[in-house]
Amino acid sequence: MTSIREQPTQLLPALFRHVDEDQRLQVLHLGPACQDTLDFFSSYRCRLQIIDLFAELPVPAEEDTQSGLQDYFRDLLQLNPDTRFDVCLFWDLFNYLPAAALQAFMQVLAPHLADTCLGHAFSVHNPRTEELPLLFGIRDSDCLGVRRRAAPVPGYAPHSQNRLKELLHCFAMERSVLLADRRLELLLRARAAEPARH
């Protein structure tokens, strides 16, 4: 059985700080859902949409145009046109998407972000940082459960913080915290909503 260690989080509480208990949250969870995460969200009125993009990596080489990549992510996400997310949990997904794929992914996601949408992610302080194949769960608003993945995720090629800021065009990087293992914890805030493209 995989052991779970607890990791304090400074930035995750910001995602839920202003949530009214009567508010119905739309949450996008991009990765395999752990039981602790499901238990955590059971105390909220929310629609939790779980899409494990890690299971689809690496992005197929033949999807090498922006339109091809956008179609690829549109097919994977299968989002209702009216969906607007209040919270996006990216975990360390950005470390596994090449620049063109990440841009296309953001293009597809942008029309589905609420104006007040907040995101949470992990990246690296230095792109030469070795991969830490980890799975994350939410134990509490200020504590994560961290497990080692059974196998590394293909396509690890992290971006520098400055490059990531450019690629995440529909999010502003509101805060970042350097962790002991040289990873960065990121709090993201949606920029002005972009109109949907058909």
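This is a predicted model: local features need pLDDT of at least 70, side-chain atom pairs count only at pLDDT 80 or more; totals for chains, interfaces and linings use all residues.
Which ring has the charged end of Arg183 over it? The charged end of Arg183 sits over the ring of Phe122, at 4.9 Å from the ring's centre.

**Stop 1: Phe122 and Phe136**

Phe122 is buried, with a relative accessibility of 0%. Phe136 is also buried, at 4%.

**Stop 2: Phe54 and Arg149**

Select Phe54 and Arg149. Here Arg149 lies over the face of Phe54, 4.5 Å from the ring centre.

**Stop 3: Phe90 and Phe105**

A pair of aromatic rings is described by the distance of the centres and the angle of the planes. The whole structure holds 15 aromatic pairs. For one of them, select Phe90 and Phe105: the ring centres are 6.4 Å apart and the planes stand at 90 degrees, so this pair is edge-to-face. Phe90 is in strand β4 (residues 85-91) and Phe105 in helix α3 (residues 99-109), so the pair ties together parts that lie 15 residues apart in sequence. Both Phe90 and Phe105 are buried.

**Stop 4: the largest nonpolar core**

In soluble globular proteins, nonpolar side chains tend to be buried together. The largest nonpolar core in this model has 42 residues, and those touching the most other members are Phe73, Phe90, Phe105, Met106, Leu109 and Phe171. Colour the elements that each supply at least two residues of this core: α2 (66-77), β4, α3, β5, α4 (161-167), β8 (171-178) and β9 (183-190). Which of them gives the most to this core? Helix α3 does, with 7 residues.

Next, select Met106 and show its contacts. Leaving aside residues up to four places away in sequence, Met106 touches Phe90, Phe94, Leu167, Leu168, His169, Cys170 and Phe171.

**Stop 5: a second core**

Finally, select Leu11, Leu12, Cys46 and Val87. These residues are among the members of a second, separate core, which has 23 residues.

Definitions and conventions:
Residues are numbered from 1 along each chain as its sequence is written. Side-chain values use heavy atoms; hydrogens and water are left out. Rings of Phe, Tyr and Trp (its six-membered ring) pair if their centres lie within 6.5 Å; planes under 30 degrees apart count as stacked, over 60 as edge-to-face and the rest as tilted. Helices (H or I, at least four residues) and strands (E, at least two) are DSSP runs, numbered from the N terminus. Buried means under 20% relative accessible area, exposed over 50%, partly exposed in between (1.4 Å probe, protein chains only). A charge sits over a ring if NZ of Lys or CZ of Arg is within 6 Å of the ring centre and within 35 degrees of the ring normal. A nonpolar core is a set of buried Ala, Val, Leu, Ile, Met, Phe, Trp, Tyr and Cys residues joined through side-chain atoms within 4.5 Å. Contact means heavy atoms within 4.5 Å.
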